[in-house]
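Thanks for making the time this morning.

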Amino acid sequence: MPKESKGISLDGNGQPLWLTLELTYRCPLKCPWCNNPLDFKDYAQRELSTEEWKRVLREGRALGALQLGFSGGEPLQRDDLEELVAYADQLGYYTNLITSGIGLSEERMSALKNAGLKQVQLSLQSTKAELTDELVGARAHARKLEAARLIKAYGFPMVMNMPVGRQNIDDIDAMCEFASGLGVEYIEFANLQYYNWALVNRDELMPTLEQVRAAEATVNRWREKLDGSMTIYFVIPDYYEGRPKACMNGWGAIHLTIAPDGVAMPCQEARTIPGLEFESVRDKPLSWLWHESPLFRKYRGLDWLPEPCSSCSEKEKDFGGCRCQAFLLTGDASNTDPACSRSPHHHLVQEAVGSVTRPLRFRKPLYKRASSAVSTAFMED
């Protein structure tokens with residue numbers, strides 16, 4: 001489940017409590033904040049087979065993993081999804097499908113229920129069809145609403161996830177009303193984090209501080225109104241917080257992500273950092289990758305922290321922040337996360353925030369997730 005409370009450190013006792021399988025980077029949508037790599041198309045021919053994924057599931061349970069997320073891309077693009085869910089259920093995982101809802105027919109919903117799926121996280125970008133379709137680059141809104149109806153009709157606990165940016169942040173009030181009426185148990189307003197596609201589009205996606213504060217007030221009003229009948233998560237973007245997020249509860253602490261080609265990572269963005277040695281489950285046992293690989297040991301724990309992190313009283317709360325963000329903004333993943341006001345690189349975040357409200361700035365169209373968009377975006381930058 002998504003977590004909002006700051007300062008909570010979950011100790012996995014050396015175990016990867018959360019296992020995320022990015023089954024594929026294939027997806028029918030073109031979201032301009034997609035966290036998949038910019039070169040996502042290069043992975044299509046290197047996806048793990050059904051039997052290889054099953055071996056990952058066995059090895060993950062042997063390591064102690066309990067929570068399992070089937071993600072992507074769009075995991076429904078895999079024809080073996082139901083088979084993998086059933087196998088994971090037999091192994092004792094609590095299974096969660098993270099989906100756009102595109103491709104979630106009643107036939108597949110029924111099959112997933114019979115396979116033992118425990119929970120569904122559905123993304124919905126807006127209550128307005130025109131805005132949803134514009135943001136995701138496809139006629140998707142009506143299909144998402146049908147998917148939401150199916151999820152509830154089949155009795156699944158449901159997390160409705162709304163990626164929040166400048167374009168849709170003012171729709172939070174209507175989204176709370178919609179989710180409450182549908183009987184959604186959890187709604188997560190996921191203020192965008194700026195990696196990969198979102199970083200390319202950061203200037204256009206980032207809301208103003210005024211928008212964020214107004215949205216926070218709206219969320220608090222709904223929390224009071226609902227009195228716990230629906231859990232609402234709302235995390236203020238760390239660009240505005242002055243302190244970095246406790247990214248993944250620490251590098252290699254409790255989260256383990258497997259990419260479509262079998263590469264094991266401490267988080268789904270780790271490949272943005274050059275110079276690290278990424279190894280696949282095709283070549284090494286999962287236990288070795290988690291416990292012994294140079295990648296997972298690189299930033300694990302607190303001993304590696306630079307100043308001012310190493311002497312900071314909050315280091316056991318935020319673990320120095322995000323390594324991927326540190327690299328993307330400063331060029332060195334070992335630096336203090338620039339989202340922290342104590343970082344010598346904090347001015348980079350302040351400049352990004354300032355550019356959002358710069359008067360008369362040139363507005364650019366969003367670069368949608370598509371193989372043709374990458375070169376265009378960087379040519380214009």
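Let me begin with a convention on angles: those under 35 degrees count as roughly parallel, those over 145 as roughly antiparallel, those from 65 to 115 as roughly perpendicular, and the rest as oblique. Please keep in mind that this is a predicted model, in which local features need pLDDT of at least 70 and side-chain atom pairs count only at pLDDT 80 or more, while totals for chains, interfaces and linings use all residues. Residues are numbered from 1 along each chain as its sequence is written, and side-chain values use heavy atoms, with hydrogens and water left out. Helices (H or I, at least four residues) and strands (E, at least two) are DSSP runs, numbered from the N terminus.

I will start with α2 and helix α3, the latter being residues 106-115, whose axes come within 8 Å and cross at roughly 20°. The axes here are lines fitted to C-alpha atoms, for helices over the stretch in contact, and the angles run from 0 to 180 degrees between N-to-C directions. α2 and α3 are therefore roughly parallel to each other. The crossing of α2 past α3 is right-handed, where right-handed means that the near helix is turned clockwise from the far one by less than a right angle, and left-handed that it is turned anticlockwise. On the α2 side, Leu81, Glu82, Val85, Ala86 and Asp89 meet Arg108, Ala111, Leu112 and Ala115 of α3, contact meaning heavy atoms within 4.5 Å.

On its other partner, α2 (residues 81-91) packs with α1 at an angle of about 20°, their axes being 10 Å apart, so these two helices are also roughly parallel to each other. The contact is made by Thr50, Glu51, Trp53, Lys54, Leu57, Arg58 and Arg61 of α1 together with Glu83, Leu84, Tyr87, Ala88 and Leu91 of α2.

Which residues of α2 are buried? They are Leu81, Glu82, Leu84, Val85, Tyr87 and Ala88, where buried means under 20% relative accessible area, exposed over 50%, and partly exposed in between, with a 1.4 Å probe and protein chains only. What covers these buried residues includes α1, β2 (67-71), β3 (94-99) and α3. Just after α2, Gly92 takes a positive phi of about 100°.

Leaving aside neighbours within four places in sequence, Lys54 is in contact with Glu83, Leu84 and Tyr87.

Now to the annotations, where UniProt positions are given in the numbering used here, feature names are shortened, and annotations may be inferred rather than shown by experiment. An unreviewed UniProt entry lists Cys27, Cys31 and Cys34 under "binding site", and the annotation "domain: Radical SAM core", also unreviewed, covers residues 13-229. Over residues 13-229 the chain is 43% helix and 16% strand, with the end C-alpha atoms 33 Å apart.

Cys27 lies in the loop between β1 (18-22) and α1 (50-63), and it counts as partly exposed because its relative accessibility is 25%. Not counting residues up to four places away in sequence, Cys27 touches Gly73, Glu74, Gln77 and Arg369. Cys31 is placed in the loop between β1 and α1, but counts as buried, at 12% relative accessibility. With its neighbours within four places left aside, Cys31 is in contact with Leu135, Val136, Trp197 and Arg369.
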